[in-house]
Amino acid sequence: MADALLIFKPDAAYRLAARAGIWRWLATEREWKLQSLEWFQPPASLIENHYDFLQGRPFFPWLVDFMTALPVVVGRVTASAQSLKQMRYELGETQIAKSRPGSLRERYGIFGGLNCLHLSDAPETGAAEVKRWSEFVQLDQVKVQLEVESDKLDHTYHLRSLATQVANGIHVELASKVIGELLAEESELIGDQLEALRRITLGALS
Ligand code: ADP
Ligand code: MG
C-alpha cells in the first residue's frame, strides 16, 4: 500500500460546489482509503519545500501565495500503486487547458495551475510528502467531513471563460471584477479571506 498526500487547494476548499463534487469522488473510497483529513494553513517554508522542484519557474511566487493564503484541507490516502495511478488519471492533467475532459481538474479547475487538488503522483513522492507534512499536520485522523451537495452555484466554466479573457488582455478590468463576484457567490468567504481568494485566482492569470 502506498501513502499519498492530498490537498484541497483554496480553489477547491472554498468554492463549495466544486468542493462537494470533489468530495463525492473522494468519499467513494473506491480503490483507496481516506486515512486523515483536516484544515491547515501551511507556512511558506513548507510549500517551498513541497514544490522545491518548481523553484525558479516564473509562476513559483504565485504558487507559494496560492498555497499559503488561506487554510486548506489536507489529508492522507492509502492505495495500491496501481490505484494511485488511477486516482491521478481521474484527477487529470496539471494545467487546466490540457486536462482530460471529464477529469476532476477539467470539471472544477479554473485556469492554468489553479487546479483544485494536489495528489502525490507516485508511492515514492507520496512517502516523502507524507513524511514532510506529518511534521506539521497529524495525518492519522479524519477530522473534517465535507458535504456531498452544495446549494451554491458552480461557476467553473464561466470563471474559466473570464480567466481566459484576462490572461489574453481582453476586458481585463471588467472580467476581473466579475471573477471576484462569481467567487463570492460560489463561496461563503467575506472580507480579507474573500479578497485572498480573489487575489490568488487573478494571480494565476498573469
Ligand atoms: P501536479 O499537481 O499535477 O502533480 P506538478 O507537481 O508538476 O503538477 O506541479 C505542482 C503544481 O504547480 C501544479 O498542480 C500547479 O498548481 C502548479 N504548476 C505546475 N506547472 C505550472 C505551470 N506551467 N503554470 C502554472 N502553474 C503550474
Ligand atoms: Mg506533482
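In the predicted model, contact between the two domains involves 18 residues of domain 1 and 17 residues of domain 2. On the side of domain 1 that touches domain 2, the elements giving two or more residues are helix 1 (10-13), helix 2 (16-27), helix 4 (60-68) and helix 6 (104-108). The residues of this side divide by class into 14 nonpolar and 4 charged, with no polar residue among them. According to the domain assignment, domain 1 covers residues 2-133 and domain 2 covers residues 156-203, and the centres of the two domains, taken over C-alpha atoms, are separated by 21 Å.

The model also contains an open sheet of 4 strands, which follow the order 2-3-1-4 and pair in an antiparallel manner. Strand 2 (32-40) and strand 4 (117-119) stand at the edges and have a single partner strand each, so that one side of each is left without a neighbour in the sheet. From one strand to the next, the twist averages 20 degrees. Strand 1 (residues 2-8) and strand 4 run antiparallel and are joined by 3 bridges; within this pairing, I7 has H118 of strand 4 as its bridge partner. Helix 7 (residues 123-133) packs on the sheet, where it touches strand 1 and strand 3 (72-79), and the direction of helix 7 makes about 65 degrees with that of strand 1.

H118 also belongs to the residues around ligand 1, which are Y51, L54, F59, L63, T94, Q95, G112, G113, N115, H118 and D121. Sorted by class, the shell around ligand 1 consists of 4 nonpolar, 6 polar and 1 charged residues.

Definitions and conventions. Residues numbered from 1 in each chain as written. Chains lettered and ligands numbered in written order. Predicted model: local features only at pLDDT ≥ 70, side-chain atom pairs only at ≥ 80, totals over all residues. Near = placed C-beta within 6 Å. Nonpolar A, V, L, I, M, F, W, Y, C, P; charged D, E, K, R; others polar. Domains from an automatic or database assignment. Contact = placed C-beta atoms within 7 Å. Pairing = 2+ DSSP bridges. Axes fitted to C-alpha atoms, helices over the stretch in contact; angles between N-to-C directions.
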